[in-house]
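Hi everyone, thanks for coming along. I'd like to walk you through one protein chain today, so please have a look at it with me.

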Amino acid sequence: MSDEYAHLNDKAREALNLSTADRIDYIKRARWIGYTRAREILEQLEDLLTHPKKHRMPNLLIYGDTNNGKTMIVNRFHQLHLAHDNPGGDGIVLPILIVQCPPVPDENRFYNAILEKLFAPYKSSDRVDKKQFQAIKTLERVRLKVLILDELHNLIAGNTNRQRHFLNTIKYLGNELQIPIVGVGTKDALVALRTVPEIANRFEPAELPRWQMGKDYLKLLASFERMLPLKKPSNLVETNLAIKLLAMSEGILGELAAILTKAAVKAVKSGKEQITLELLNSLKWIQPSKRR
C-alpha cells in the first residue's frame with residue numbers, strides 16, 4: 001500500500017482490505033504491546049523459569065490496579081512457554097501453570113483448582129491431604145517450572161488465620177516442588193502477604209503503576225495507533241489527545257485499550273477513519289473511579 005498508510009504496521013495495513021465487519025472484529029481483538037515495564041517483568045519471569053532448584057526458591061508478586069495489564073503479562077509469558085510433548089516419557093511437559101485463586105482463602109478449593117487445570121480426576125469429597133499429594137505428584141510428573149497464582153488479593157476475603165493458613169499452603173507447595181511461585185493481584189495482595197513476614201520476604205514485589213504523561217506513555221499511544229487499522233492517522237501523541245485519553249482512562253492500561261477500541265470502531269462505522277477529540281467526547285465514557 002502507499003505511504004498514506006505509513007502510520008500503520010503491516011498487519012494493520014492488511015486489515016484495511018477486510019470487510020467493515022471483519023475489520024471491526026480485528027479491532028476488538030486483544031493485542032500485546034511490549035512496553036518497557038512489561039518487558040522488564042517478562043525478563044524477571046524468564047529468570048525464574050530457568051532458576052536452578054534449591055530449597056528456598058525466589059518468588060515474585062506482580063501487583064497494581066485492577067485492569068492495568070498484570071494478567072496480560074503472565075498470559076504472554078505462558079504463550080511463550082506452552083505445554084509440549086515429553087520426549088522422555090508419557091504425558092506432556094508443562095513449564096507454566098496459571099491458577100486463579102479461589103474467591104476466599106481455602107486450601108481445599110485451591111487444590112481443586114489446580115487439579116482441574118491439570119485435567120486430573122478427583123473427588124470433591126476427598127480429604128485435603130489426598131488432593132495435596134495428588135497435585136504435587138502430578139505437577140512433578142509434568143515437570144512444572146513456574147506456578148502462577150492469579151487474583152492473589154482474594155486472600156483478604158478471609159480472616160487473618162485463614163490468610164496465614166493459605167499462605168503457608170503456598171509456601172509448602174513451593175518448597176515441595178522447589179519451583180518459583182508468582183503471585184498476581186492488586187495492592188491488597190501485597191498487604192495480605194505482609195501479614196506473614198517470613199513469606200512476604202520470599203516474594204519480590206514488581207509494581208505495575210498507573211500511566212503518567214511522559215515519554216513511555218506517548219510511545220504506548222504510538223504503538224496503539226500503529227495497530228489500529230484506520231485509514232487516516234489520528235496522531236494520538238498530540239498533546240490534547242494524549243491528555244484527554246489519560247484523563248478518560250485515569251492511567252489504567254485496560255481502560256485505555258477499551259477506549260481506543262471503542263473509538264476506533266466508531267471511527268470505522270462513521271466513516272471518519274480517525275480518532276479525534278470530538279469523537280472521544282462523543283463516547284460518553286465514564287471514568288473507572290466514577291463507576292465505583
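Before the surface number, a quick word on what it means: accessible areas here come from the Shrake-Rupley method with a 1.4 Å probe. By that method, the protein chain has an accessible surface of about 15,000 Å², and carbon and sulfur atoms account for 50% of that. Please keep in mind that what you see is a predicted model.

Now the overall picture. The protein chain contains 14 helices and 7 strands. Along the principal axes, its C-alpha atoms fill a box of roughly 60 × 45 × 35 Å. How many of the 292 residues count as buried? The share is 49%. Here is something about how the chain comes together: take the contacts between residues at least 6 apart in sequence, and 72% of them join residues at least 24 apart.

For those of you who think about charge, there are 44 positive and 33 negative side chains in the protein chain. The centres of those two sets lie 3 Å apart.

Let's zoom in on one helix, α2, which covers residues 20-28. Which residues of α2 are buried? They are R23, I24, Y26 and I27. If you look down the axis of α2, these buried residues fall within an arc of 155 degrees, so they line one face of the helix. On the face turned away from that buried side, you find the exposed residues A21 and K28. And what covers the buried residues of α2? The cover includes α1 (10-15), α10 (215-227) and α12 (253-270).

My last stop is the aromatic rings. The structure holds 3 aromatic pairs. One of them is F110 with Y111, a tilted pair with 5.6 Å centre to centre and 45 degrees between the planes. Both F110 and Y111 are buried. Then there is F110 with F166: the ring centres are 5.1 Å apart and the planes sit at 65 degrees, and planes over 60 degrees apart count as edge-to-face, so that is what this pair is. This pair links distant parts of the chain, with F110 in helix α5 (residues 107-117) and F166 in helix α7 (residues 160-177), 56 residues apart. Put together, ring pairs link F110, Y111 and F166 into a cluster.

That's my tour, and I'm happy to take questions.

Key
Residues numbered from 1 in each chain as written. Predicted model: local features only at pLDDT ≥ 70, side-chain atom pairs only at ≥ 80, totals over all residues. Heavy atoms only, no water. Helix = DSSP H or I, 4+ residues; strand = E, 2+ residues; numbered from the N terminus. Buried < 20%, exposed > 50% of the residue type's maximum accessible area, 1.4 Å probe, protein only. Contact = heavy atoms within 4.5 Å. Lys, Arg positive; Asp, Glu negative; His and termini not counted. Charge placed at Lys NZ, Arg CZ, Asp CG, Glu CD. Arc of directions from axis to C-beta. Phe/Tyr/Trp six-rings, centres within 6.5 Å; stacked < 30°, edge-to-face > 60°.
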